[in-house]
Amino acid sequence: MDKNLDKTVKNRIILLSVLGMIIFAILSYRLYYIQIYKGDEYSSKALKQRGKEFSVYPNRGIIFDRNLTPLTNNEVIPTIIIEKRLLLSDNLMYNKILNSTDLSKKELDGIINKSKDLIQIPLIDTSIVPITSSNIFLIDTIDRYNKESILSHVVGYTNKSENNGEAGIEKSYDEFLRNHNGRSFIVEYDRDRSFILGGSHFTSHDSNSGDPSAVKLTIDYDIQKKVENILDDEEIKGAVIVVEIESGDILALASRPNFNQKRIEDYFNSKDMALYNKGVQVGYPPGSIFKIVVLLTALEDIPNILEREYYCNGYQEINGLKINCSNTHGRLSIDEAFAQSCNSAFIQIGQELGAKKIINMAKRLGFGSKINIGLLEEIDGNLPDEKDVQGAAIGNISIGQGPLEVTPLQVTNLMVTLANKGIDKGLALVKGITNEDGYMIKEYYREEGKQVISDYSADKTIDMLRKVVEVGTGRSMDLDEIGGGGGKTGSAQASLNNELTVHGWFSGFIPSNDPQYIITVFIEDTDNGSITTLPIFERIGKEIFKLKS
């Protein structure tokens, strides 16, 4: 009996010991989990409750270029965080900060007056601001947009108060870009909301680095910057697009005038349409650029077009409407008519073809509909109905005038299609969705290219585009050092702000043999029409080859 009792007691002691060890292990693990594994998280939550939080990093994901160069979240701004009462009581400190920031005295005083306790002030010079107290912090903050506003019309802008994308990639990919919580700098207060001398402070980062929160573009930052610098140097209003022919990737897309993404409200009533992306968002008459469409229609519909001759006496008259040519060219072939951009010859060709065939060819080439590169602002342009281009109106449409509007993007797509032997591969602006480190999570879907014109017609047109640069209206350019090129000029009469004006076009390829890039230059409101575009095309072409060599 005693032996059984002893055995029972021993078993109970062992059981209690095991249970004790299990409970101790659980409590130890829980203590480790709270203090070590989750310690920073719980400390930060506690500090957030009793401290003040400053945003030091945008709460939106990065927009990258094709080489993962950040186009947003890339401007580091030294920032001082200081107590309001300390700044108000120390006149020397106030003056040093005023001399170290690009804020005006009025702007600085406004920030001080609106603040209750701590003040966050951006600096341009940190050397003359003494950090004399443990309660003065000098930190780096990151702005969403930089002062250069590179690619502003493509990147777009946001509604800061609601963190919503309002335009550009910011709007198109808002659901991904806002999937980022940013970072905060938090400092500690006591119960009386006084700044604790030497109190806790830290920077929080709540986002999961693996989340799909960033967008990778096809843009090449270096080419984009060169293009924008050239446009600014020449004080150009208009747009430039650069595309890699083989891939259809857009390497640069610039619009002018530019705007400051940090001060959108300054442009709402602007008459120069600074907030509009003129590469995709505004339609313009194409002028003689549209002669490419007429030429392609003729190549596919008139068998002996290359053997034909036309006569230009300086104008063409249709149903009493007299349309002037730039010169009296006399007798000339289709090649010569195209190189010299002869209005008379192309009006004669347009009359023979008829409006229906020309309009249908334009549709095949992407005019009258969006190219769909990922910007919600892109427009269709305008292709008139066949019934609206009867009689004398066929003369205007044959030379790219009348009720016809295209975007620089659509013209660029036409050129890329020609350079790809009549295959429309489409254009792309977005590579895909990435995480914050640029790792690709979802690649942008690209449709298979489709043959929209014969390779014969495309090749013949490319040959004629070369002659434009060699002996025609584009001959003033010097492209020899980059292997020559080809393209088409265009001057278009238009109305801008209820006044008559002329826009200039040149869209073409470089180099001449084995073309690699398409460059479209559109200049708004220029006295000299297409002549103004040629030096811009030349400069951009040479800069691209410098970068790529």
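Me: What is the basis of the numbering and the values?
Reply: Residues are numbered from 1 along each chain as its sequence is written, and side-chain values use heavy atoms, with hydrogens and water left out. Since the model is predicted, local features need pLDDT of at least 70 and side-chain atom pairs count only at pLDDT 80 or more, whereas totals for chains, interfaces and linings use all residues.

Me: Why is threonine 218 called buried?
Reply: Buried means under 20% relative accessible area, exposed over 50%, and partly exposed in between, with a 1.4 Å probe and protein chains only. Threonine 218 has 1% relative accessibility and therefore counts as buried. Its place is the loop between strand E10 (214-217) and helix H9 (221-233); helices (H or I, at least four residues) and strands (E, at least two) are DSSP runs numbered from the N terminus.

Me: Which residues are in contact with threonine 218, leaving aside its neighbours within four places in sequence?
Reply: With contact meaning heavy atoms within 4.5 Å, they are Arg66, Asp249, Ile250, Leu251, Ala428, Leu429, Val430 and Lys431.

Me: How do you know whether asparagine 163 and aspartate 514 are buried or exposed?
Reply: Asparagine 163 has 13% relative accessibility, so it counts as buried, while aspartate 514, at 60%, counts as exposed. Asparagine 163 is found in the loop between strand E6 (157-159) and strand E7 (164-167), and aspartate 514 in the loop between E22 and E23.

Me: Why is asparagine 59 called partly exposed?
Reply: The relative accessible area of asparagine 59 is 37%, so this residue counts as partly exposed. Asparagine 59 belongs to the loop between strand E1 (51-57) and strand E2 (63-64).

Me: Why are H10 and H16 called oblique to each other?
Reply: Two packed helices are described by the angle between their axes and the distance between the axes. Axes are lines fitted to C-alpha atoms, for helices over the stretch in contact, and angles run from 0 to 180 degrees between N-to-C directions. Angles under 35 degrees count as roughly parallel, over 145 as roughly antiparallel, 65 to 115 as roughly perpendicular and the rest as oblique. The axes of helix H10 (residues 291-301) and helix H16 (residues 455-470) cross at roughly 135° and come within 10 Å; the two helices are therefore oblique. Where they meet, H10 contributes Ile292, Leu295, Leu296, Leu299 and Glu300, and H16 contributes Ser457, Lys460, Thr461, Met464 and Leu465.

Me: Why is H10 described as largely enclosed by the rest of the structure?
Reply: Nine of its eleven residues are buried, so H10 is largely enclosed. Among the buried residues are Lys291, Ile292 and Val293.

Me: How do you know that strands E14 and E15 pair?
Reply: Two strands pair if DSSP finds at least two bridges between them. Strand E14 (residues 315-318) and strand E15 (residues 321-324) are joined by four bridges in the antiparallel sense. The bridge partner of isoleucine 318 is leucine 321 in E15. E14 and E15 form a hairpin with two residues between them, and asparagine 319 in the turn has a positive phi of about 50°.

Me: What makes E4 and E5 edge strands?
Reply: Three strands form an open antiparallel sheet in the order E4-E3-E5. Strand E4 (118-122) and strand E5 (137-143) each pair on one side only, and these are the edge strands.
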